[in-house]
Amino acid sequence: MPIFSRRRLQSMLDELRQVMPLEKGMDLLRRLENKRVDQALPAEMELGLLWALSKLGEMDIEPEWWGDSSRPDAVTDYLLPSRLTAIEIAAVTDNAISGEELMDRVALQITDFSNTLQKGSGQYLYFTFGGTQAFENGRSVRRRLAPEGYLLSEAAKNSIREWISSGGADSGKLTISEPGLHIVVERRGYKQVRYHNVFSSIPPEAYSIDDNPLYALLKRKLAQLKAAPSDTVRIIIVADVGSTLLRRIGTFGEKTGPGGYHFSGTDIISHFIRTNSARIDAVAVFTPHRKRINFHQDDLQWAGHCFAANRALRDELIGAVKKLAASLPKPHFEGYQARSLFQQGAFSPTARGWYLGVKMTSRPGQFQVSIPARAFLDLLAGRITPQQFSYALGDRPNEKNLFKGILDRGETLSAIEMAPRDVDADDDHIVFHFSDDPAARKLKVKAPHEADE
């Protein structure tokens, strides 16, 4: 899976089975294995956060004793000291403000029509959408020219037909401009991946503080907390699974543009709490954050942000969020990366594995190489070719094969073992031990003082 390893997800499901209702577990399982990214990634984060909460202390998951049928995801006394806390979990993406779906629908129509004209031609097409900029209610608003509900017109079909039949698809670009639509189509030299074959220079932005997907999601979650007993702290936790609004919270570039022409995640969440202060006490945000270690390395970890109805609760929640972030397993990817890779089908259990790197260590008389076990198994299973396996080991064209170099210098295998399994990786290392062997080299005579190897 994109955020956590599949091993970790299974471990979390197993560990929660004593405290999680079976129906809830089955719901999470269905969503985790769903092919839709907007089902699978939120389910990963919900499972991960429930598991992390369980590490802080006892909790009830969707408690039956709750006041009505709209139950929160978890209720616990251990997130905040000696305070009953009801928690609802959600995950946020850019999907509704990125224009991705609208652009994809237009691109699919052109792809399918192109395939009817010339078999397979649509698989190579790349689409760049134009945009407009205008002032609305005193704000500069940018819109993508990909209209909702658009159906390919006869004029557009004629343009595509002429472009392909004239050979223009092999060298030139096709521009289609209609009311509400401006798109440049070009043929790339390799097959395109759906959702990754569309582009617009207009970034995901929210132009209304309360008419946007983040605010709408938070408002929907209020229903799960409305029956909270008195003195219960009501918290919504939102996680970034591909959300620019959440990823930019607390960063220097969170709000840019002349006069602040769009609303940031901080703006929206703060306004939500102020507007609904009688129904919600706080919102916590978790986002995978890449922390720079030095000029050449960085570390992916969880960043937590707190928004509360008052300063005292916010100060108290900061420590709780830090504890919860420390309990979560490290993320494998940032939210937008996880979403992109999932859409490409990169995390199916039947897809090519996510391989560990090759490691080499040496000491007098012995050389050790650790290779990815999944790559080796994929080779034996016929899922990858010998050339792909060699590439997974780090071999590159015109470079000497790693194991050939070892054999050429007269060393052969002396032992093979499996390294300890890591629950946060979906691969293991096979450790090969090599030592000097006359079976692979010329015989030699050692001097009396020469040590045995």
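Author: Start with α3 and helix α10 (residues 311–327), whose axes are 8 Å apart and pack at an angle of about 110 degrees. The model is predicted, so local features need pLDDT of at least 70 and side-chain atom pairs count only at pLDDT 80 or more, while totals for chains, interfaces and linings use all residues. Residues are numbered from 1 along each chain as its sequence is written, and side-chain values use heavy atoms, with hydrogens and water left out.

Reader: How are helices and their axes defined?

Author: Helices are DSSP runs (H or I, at least four residues), numbered from the N terminus. An axis is a line fitted to C-alpha atoms, for helices over the stretch in contact; angles run from 0 to 180 degrees between N-to-C directions.

Reader: What words describe the angle?

Author: Under 35 degrees is roughly parallel, over 145 roughly antiparallel, 65 to 115 roughly perpendicular, and the rest oblique. Therefore α3 and α10 are roughly perpendicular to each other. Their crossing is right-handed: the near helix is turned clockwise from the far one by less than a right angle.

Reader: Which residues make the contact?

Author: Contact means heavy atoms within 4.5 Å. From α3 come Leu 49, Trp 51, Ala 52, Leu 53, Lys 55 and Leu 56; from α10 come Lys 323, Leu 324 and Ser 327. They divide into six nonpolar, one polar and two charged. Here Ala, Val, Leu, Ile, Met, Phe, Trp, Tyr, Cys and Pro count as nonpolar, Asp, Glu, Lys and Arg as charged, and the others, Gly among them, as polar.

Reader: At what angle do α3 and α11 cross?

Author: Helix α3 (residues 37–56) and helix α11 (residues 335–343) cross at roughly 135 degrees, with axes that come within 10 Å. They are therefore oblique to each other. Val 37, Asp 38, Ala 40 and Leu 41 in α3 meet Ala 338, Arg 339, Phe 342 and Gln 343 in α11.

Reader: Now the holes. How many cavities are there of 30 Å³ or more?

Author: Rolling a probe the size of a water molecule over the atoms shows where empty space is left. On a 1 Å grid over the protein atoms alone, a cavity is a set of points where a 1.4 Å probe fits but cannot get out; lining residues have an atom within 4 Å of a point. Grid points are joined across faces, edges and corners, and a volume is the space filled by probe spheres set on the points. The count here is four cavities of 30 Å³ or more.

How values were computed. Helices (H or I, at least four residues) and strands (E, at least two) are DSSP runs, numbered from the N terminus. On a 1 Å grid over the protein atoms alone, a cavity is a set of points where a 1.4 Å probe fits but cannot get out, and a pocket is an open set with protein on both sides within 12 Å along at least five of seven lines; lining residues have an atom within 4 Å of a point.
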